Amino acid sequence: MGKYFGTDGFRGEANVKLTVNDAFRVGRFLGWYYGSRHPGVRCRIVIGKDTRRSSYMFEDALSSGITASGADAYLMHVTTTPSVSYIARVDGFDCGVMISASHNPYYDNGIKVINGNGEKLGDDVIEKIEDYLDGGIGEIPLAVRDEIGRTVDYASGRNRYIGYLISIARNSFKDKHVALDCANGSASSIAKPVFDALGAHVHIMGNEPNGLNINDGVGSTHIEALQRFVISEGCDIGFAYDGDADRCLAVDEKGHVINGDQIIYACSLNMKSEGILNKNTAVVTVMSNFGLFRAFEKAGINYEKTAVGDRFVWENMAKNGYSIGGEQSGHIIFSKNATTGDGILTSIKVMDVLLESKRTASALAEDCPMYPQCLKNVRVNDKKAAMNHPDVIKAVERVSERLKDSGRILYRESGTEPLVRVMVEAQTAKECEELVDEVVAVIRGSGTAAE
């Protein structure tokens with residue numbers, strides 16, 4: 001992780017940590033950097049945004065920076081991160097930018113940069129951007145006269161992405177009652193048209209963004225709202241997205257959560273039965289539940305573990321030719337269709353598994369029970385100091401020794417927020433919480449916590 005860019009972009013409170021001037025300068029760099037790679041050819045950068053009030057401000061700032069450097073900015077307007085990835089890849093853009101802080105509250109925002117292959121930007125370019133932001137690179141010349149770039153309305157790109165999603169489904173969703181929680185975010189402009197076109201009876205919530213209510217009591221980080229909605233509406237299944245719709249969690253007809261691990265399991269099992277699970281392997285992260293590993297072993301499916309972040313999952317998949325991978329949080333990648341996590345695409349894949357297996361949603365996850373798990377976040381002043389404090393390290397080692405082979409503890413820093421995360425899996429929920437609280441107490445007593 002860099003000074004500004006974490007595992008999922010440059011993120012922070014709008015005009016506090018991430019300012020409008022930062023966005024302008026990122027735009028200036030991108031327009032100049034990609035423009036200089038092909039002299040004489042106009043650089044083209046596509047931009048999408050979520051529904052936060054500040055997203056409009058950052059869109060204007062990025063566009064101004066890009067065009068001031070002599071590149072053209074193509075605006076998809078309110079759309080999803082995976083749609084920007086898709087359009088950057090298929091329409092030959094030099095790069096794409098998504099303005100979003102994903103599952104964070106409305107007052108945060110972020111800048112995610114995607115390369116021309118639709119992948120998260122590599123560390124080499126991120127280092128150059130950060131060097132420019134810190135003044136390490138001399139000032140970039142301003143374009144003049146006919147070299148000044150232009151801003152182009154590109155809503156057609158979003159519409160084409162909607163068509164692409166519809167084309168992926170292998171079955172009609174007719175007669176299925178499907179609940180969609182759009183988190184008052186990016187999915188609000190895409191999810192319902194897709195499911196309507198596929199014939200589902202759509203029950204919608206979290207679909208009235210006002211700039212301030214993104215992720216507010218709705219979406220994948222507040223799954224309990226969808227659980228209630230599925231039951232009250234009598235739906236067969238429900239799907240919850242996050243603010244930029246690169247995640248998806250599901251809820252079965254009984255109101256129980258189907259998390260990302262269980263979605264990966266159900267889809268991997270279906271792909272294996274069809275002979276399309278490349279190398280009989282799925283890619284998951286170190287945060288995946290023990291229950292997933294045991295279910296894979298029982299089903300005869302291999303798995304590889306990466307660091308947390310769909311970027312790392314994709315790198316492993318691309319390197320080894322695997323067809324599915326993802327995270328418990330709902331970032332799930334299907335390499336045949338996408339290069340990044342895509343919540344709406346994932347929900348289409350789950351619907352196909354549901355219809356082809358002729359099973360209920362609750363049956364999809366019954367062969368992959370989850371071990372009890374407790375995860376708590378601690379806000380800290382300095383993530384590195386908290387991670388390396390000797391008292392905290394000893395506390396983590398004590399818990400690990402007590403668990404032995406009956407569970408595990410994971411202690412890591414957030415890639416997007418000033419948090420450290422403590423997660424324990426054990427045989428009982430009570431034991432999980434007690435052990436997590438033991439480590440959290442040491443963190444707070446070490447003087448590194450901000451609370």
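Colleague: Is Arg28 buried or exposed?

Modeller: In this predicted model, Arg28 is buried, with a relative accessible area of 3%.

Colleague: Which residue forms a salt bridge with Arg28?

Modeller: Glu139 does, and the closest N and O atoms are 3.6 Å apart. Arg28 lies in helix H1 (residues 20-37) and Glu139 in the loop between H4 and S7, so the pair ties together parts that are 111 residues apart in sequence.

Colleague: And Glu139, buried or exposed?

Modeller: Exposed, at 56% relative accessibility.

Colleague: Which residues are in the network with Arg28 and Glu139?

Modeller: Salt bridges with shared partners join Arg25, Arg28 and Glu139 into one network.

Colleague: How many salt bridges are there?

Modeller: The count comes to 27 salt bridges. One of them pairs Asp134 with Lys3, with 3.3 Å between the closest N and O atoms. That pair links distant parts of the chain, 131 residues apart: Asp134 sits in the loop between helix H4 (123-133) and strand S7 (151-153), and Lys3 in the segment before strand S1 (5-6).

Colleague: How exposed are Asp134 and Lys3?

Modeller: Asp134 is partly exposed, with a relative accessible area of 42%. Lys3 counts as exposed, at 57%.

Colleague: What about Arg359, which residue does it bridge to?

Modeller: Arg359 forms a salt bridge with Glu366, and the closest N and O atoms are 2.9 Å apart. Arg359 counts as partly exposed, at 29% relative accessibility.

Colleague: Rings next. How many aromatic pairs does the structure hold?

Modeller: It holds 19 aromatic pairs. Among them is Tyr86 with Tyr161, a tilted pair at 5.8 Å centre to centre with 50° between the planes.

Colleague: Where are Tyr86 and Tyr161 in the chain?

Modeller: Tyr86 is in helix H3 (residues 81-90) and Tyr161 in helix H5 (residues 155-168); they are 75 residues apart, and the pair links distant parts of the chain. Tyr86 is buried, with a relative accessible area of 12%, and Tyr161 is buried too, with 1%.

Colleague: What is the geometry of Phe290 and Tyr371?

Modeller: Phe290 and Tyr371 form an edge-to-face pair, 5.7 Å centre to centre and 75° between the planes. This pair also links distant parts of the chain: Phe290 lies in helix H9 (residues 290-299) and Tyr371 in the loop between helix H12 (361-364) and strand S17 (373-379), 81 residues apart. Phe290 counts as buried at 13% relative accessibility, while Tyr371 is partly exposed at 30%.

Colleague: Which residues form the aromatic cluster with Phe290 and Tyr371?

Modeller: Tyr265, Phe293, Phe296 and Tyr303 form one aromatic cluster with Phe290 and Tyr371. One ring of the cluster, Phe293, has Lys305 over its face, at 4.8 Å from the ring centre.

Colleague: Which residue lies over the face of Tyr74?

Modeller: Arg44 does, at 4.9 Å from the ring centre.

Colleague: Switching to strands. In what order do S17, S18 and S19 form their sheet?

Modeller: The order is S17-S19-S18, in an open sheet with antiparallel pairing. S17 and strand S18 (408-413) are the edge strands, each pairing on one side only. Neighbouring strands of this sheet are turned by 15° against each other on average, direction ignored.

Colleague: How many bridges join S18 to S19?

Modeller: Six bridges join S18 to strand S19 (residues 419-425), and the two run antiparallel. The bridge partner of Tyr411 in S19 is Val422.

Colleague: Which strands do H14 and H15 lie across?

Modeller: Helix H14 (residues 390-403) lies across S18 and S19, and runs at about 155° to S18. Helix H15 (residues 429-445) lies across S17, S18 and S19, at about 15° to S17.

Colleague: Last topic, backbone. What is phi of Asp175?

Modeller: Near 75°, a positive value in a residue other than glycine. Most residues other than glycine have a negative phi. Asp175 is found in the loop between H5 and strand S8 (177-181), and is exposed, with a relative accessible area of 55%.

Colleague: And Ala245, what is its phi, and is it buried or exposed?

Modeller: Phi of Ala245 is near 60°, also positive. Ala245 is found in the loop between strand S10 (237-241) and strand S11 (248-252). At 0% relative accessibility, Ala245 counts as buried.

Note on methods:
Residues are numbered from 1 along each chain as its sequence is written. This is a predicted model: local features need pLDDT of at least 70, side-chain atom pairs count only at pLDDT 80 or more; totals for chains, interfaces and linings use all residues. Side-chain values use heavy atoms; hydrogens and water are left out. A salt bridge is a side-chain nitrogen of Lys or Arg within 4 Å of a carboxyl oxygen of Asp or Glu. Helices (H or I, at least four residues) and strands (E, at least two) are DSSP runs, numbered from the N terminus. Buried means under 20% relative accessible area, exposed over 50%, partly exposed in between (1.4 Å probe, protein chains only). Rings of Phe, Tyr and Trp (its six-membered ring) pair if their centres lie within 6.5 Å; planes under 30 degrees apart count as stacked, over 60 as edge-to-face and the rest as tilted. A charge sits over a ring if NZ of Lys or CZ of Arg is within 6 Å of the ring centre and within 35 degrees of the ring normal. Two strands pair if DSSP finds at least two bridges between them. Axes are lines fitted to C-alpha atoms, for helices over the stretch in contact, and angles run from 0 to 180 degrees between N-to-C directions. Contact means heavy atoms within 4.5 Å.
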